[in-house]
Amino acid sequence: MYSFSFTKMHGLGNSYIYVDLFRETLPEEDLPAIARSVADVHTGIGSDGLILICPSEQAPVKMRIFNSDGSEGKNCGNGLRCVAKYAYEHGIVRDRSFLIETLSGLVEAEVTVENGEVTSVTIDMGEPRLRRSAIPMTGPEAEQVVAESFAIDGREYEITAVSMGNPHVIFYVDDIEKAPVTTLGPVVEKDARFPEGVNVEFVEVVSERELHFRVWERGSGVTQACGTGACAAVVASVLNGKTARGVETVVHLAGGNLTITWGHDGKVRMTGPAETVCTGVYYYRGGQNG
Ligand SMILES: N[C@@H](CCC[C@H](N)C(=O)O)C(=O)O
């Protein structure tokens with residue numbers, strides 16, 4: 001058994017247990033099991049996974065994210081906003097604009113501060129990756145996956161696939177309340193055409209500036225929000241001619257709203273809140289917690 005300090009934070013209800021590796025040390029080989037342990041709502045703390053706030057050689061701070069099943073993801077939009085808030089409020093950074101390293105590259109964060117507290121964060125998520133091989137998805141490597149027909153479970157759908165440093169597939173639906181999140185989501189997540197698995201998003205287009213969104217996340221299942229998924233939905237909607245490039249789009253997620261623009265410079269910018277829930281000490285019993 002050993003213990004470590006943690007902070008629970010969320011972005012629109014997408015919650016993670018954050019461990020500050022500027023102050024703590026965790027054994028690398030335990031990280032997947034720690035993620036599963038802290039995420040357990042009965043025997044742990046309860047969250048969508050674990051996020052590590054780490055020193056970096058390329059930026060003032062680095063984020064690593066583990067889903068609730070212990071798998072490591074390469075990017076997390078809601079996590080980036082929380083890491084930015086934590087880094088600013090704990091003096092890891094002093095500027096209001098700074099870089100964050102992720103496993104999929106560097107992103108730029110800009111915090112809005114009121115009375116010393118970060119109330120909102122804008123992340124320049126960089127350019128979406130659209131080549132099939134970058135998603136990754138099987139098939140002709142250089143092609144994009146836009147409104148492509150996709151047969152599964154005896155039914156035919158149309159999909160668009162986008163990487164925001166992690167893989168996303170978008171299904172358009174007429175009524176977001178009736179989206180097959182918990183039935184189609186887990187089947188598509190593990191479909192062999194996505195060799196690394198995929199985050200599955202359902203999108204209802206309200207207007208050129210507004211989308212409804214629900215998600216089945218790779219490695220975590222249903223969550224209240226997925227920041228990279230919402231960015232991917234905005235990119236997919238431009239590619240499908242449903243929204244316009246360079247226009248601010250409001251994405252309504254189960255946990256609240258994100259404002260996202262895919263700019264003419266190629267970059268996707270996401271703005272939204274980040275909240276601290278609590279801090280504490282976790283007693284990790286080598287996978288025996290849960
Ligand atoms: N909730 C996140 C994405 C977390 C990682 C994802 N499940 C994956 O495995 O790629 C977000 O806000 O982007």
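**View 1. The largest cavity and its lining.** The largest cavity is lined by 13 residues, and Ile-65, Asn-67, Asn-75, Asn-166 and Glu-217 lie nearest its centre. Strands E2 and E4 each give two or more residues to this lining. The lining divides into four nonpolar, seven polar and two charged residues. Its volume is about 100 Å³. A search of the whole structure finds one cavity of 30 Å³ or more. On a 1 Å grid over the protein atoms alone, a cavity is a set of points where a 1.4 Å probe fits but cannot get out; lining residues have an atom within 4 Å of a point. Points are joined across faces, edges and corners, and a volume is the space filled by probe spheres set on them. Ala, Val, Leu, Ile, Met, Phe, Trp, Tyr, Cys and Pro count as nonpolar, Asp, Glu, Lys and Arg as charged, and the others, Gly among them, as polar.

The model is predicted: local features need pLDDT of at least 70, side-chain atom pairs count only at pLDDT 80 or more, and totals for chains, interfaces and linings use all residues. Residues are numbered from 1 along each chain as its sequence is written, and side-chain values use heavy atoms, with hydrogens and water left out.

**View 2. The largest pocket.** A pocket is an open set of grid points with protein on both sides within 12 Å along at least five of seven lines. The largest one holds about 230 Å³ of space. It is lined by 15 residues. Tyr-157, Glu-158, Phe-171, Tyr-172 and Val-173 lie nearest the centre. Strands E10 (155–163) and E11 (167–172) are the elements that give two or more residues to the lining. E10 supplies the largest share, five residues. By type, the pocket lining has ten nonpolar, two polar and three charged residues.

View 3. H1 spans residues 31–39. Its buried residues are Leu-31, Ile-34, Ala-35, Ser-37, Val-38 and Ala-39. Buried means under 20% relative accessible area, exposed over 50%, and partly exposed in between (1.4 Å probe, protein chains only). The buried residues of H1 pack against strands E1 (2–11), E2 (14–20), E3 (49–54), E4 (61–67) and E18 (275–284). Helices (H or I, at least four residues) and strands (E, at least two) are DSSP runs, numbered from the N terminus.

**View 4. Val-38 in H1.** Val-38 lies in helix H1. It counts as buried because its relative accessibility is 0%. Beyond its neighbours within four places in sequence, Val-38 contacts Phe-4, Ile-17, Gly-44, Ile-45, Gly-46, Ser-47, Gly-49, Leu-50 and Tyr-282. Contact means heavy atoms within 4.5 Å. Val-38 and Ser-68 are 30 residues apart in sequence, yet 8.3 Å apart in space, C-alpha to C-alpha.

**View 5. Ser-237 in helix H4.** H4 covers residues 227–239 and includes Ser-237. Ser-237 has 0% relative accessibility, so it counts as buried. Not counting residues up to four places away in sequence, Ser-237 touches Tyr-172, Leu-211, Lys-242 and Thr-243. Tyr-172 is also among the residues nearest the centre of the largest pocket.

**View 6. The chain around these sites.** The protein chain has four helices and 18 strands. Of its 290 residues, 54% are buried. Residues 24 or more positions apart account for 61% of the contacts with a separation of 6 or more. Along its principal axes, the C-alpha trace spans about 50 × 40 × 35 Å.
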